[in-house]
Amino acid sequence: LAEQYPKYGCPTLHDMLVIEGEVVNKKRTYRIYREEELQVRTKKRNKITRPRVPMLVPDAVNQRWSIDFVSDQLANGRRFRVLNVVDDFSREYVLKVVDFSISGQRVARELKRISRKLPKTIVCDNGPEFTSKAMYFWAKKAGVKLHFIQPGKPTQNAFVESFNGKMREYCLDLHWFASIEDARSTIDDWQRHYNHVRPHRSLGRKPPAVFAKEVA
């Protein structure tokens, strides 16, 4: 009910549960409400309302993806960003976008271009690119749920955070990029290496693409 009616507080949710014959004790409802951290902010919010549901561990390819940004700089000091999309089950490096500026519209456009099956859920932080109207309408049309982590808790997006660390250590920190084209080319090569060559310990020491093919 909290997911279906995200603006309803505990009293309203309790009344609905009573009508449905699910619960009678108001204290029990409130205890569960607090334990599940379903409290509604009383302060007016300008951002899109997010579902307040716990996140389960995926058990299949394309069930849940994680998305996040990393940044680096060219040899001349100009900074650029990399949008990373990872499959939480197979650990595949699904998508990368390398550019100086990446807006919410760009993120939605790049996701729309993906040819493979879209996931049921995409986990992301509360950055303006992911909370944009473009992302909201893309997700609604594509039938994808955007699961926003709590502010200041990157561990709730652990899969892509771990991937970003590997990317920085094994790719970004090892190269000087002469231009944005050079950065794109280098990251393209690393994406192929990561997906098809580099063994992953949590996948039985198999590369992500190999593992995904075996379990498909």
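A disulfide here is a pair of cysteine sulfur atoms within 2.5 Å. I noted the ground rules next: this is a predicted model, where local features need pLDDT of at least 70, side-chain atom pairs count only at pLDDT 80 or more, and totals for chains, interfaces and linings use all residues. Residues are numbered from 1 along each chain as its sequence is written, and side-chain values use heavy atoms, with hydrogens and water left out.

**Cysteines.** I searched the whole structure for disulfides and got zero. Cysteine 124 is buried, at 0% relative accessible area (buried is under 20%, exposed over 50%, partly exposed in between, with a 1.4 Å probe and protein chains only). Cysteine 171 is buried as well, at 1%.

**Phenylalanine 130.** I found phenylalanine 130 in the loop between β4 (121-124) and α4 (133-142); helices (H or I, at least four residues) and strands (E, at least two) are DSSP runs numbered from the N terminus. Phenylalanine 130 is buried, with a relative accessible area of 1%. Leaving out residues up to four places away in sequence, its contacts include Cys124, Val107, Leu83 and Phe148 (contact means heavy atoms within 4.5 Å). Valine 107 sits 23 residues away along the chain, with a C-alpha separation of 7.9 Å.

**α6 and α7.** I checked how α6 (residues 180-196) packs on α7 (residues 208-215): the angle is about 45° and the axes are 4 Å apart. Axes are lines fitted to C-alpha atoms, for helices over the stretch in contact, and angles run from 0 to 180 degrees between N-to-C directions. Tyr194, Asn195 and His196 of α6 meet Pro208, Ala209 and Val210 of α7.
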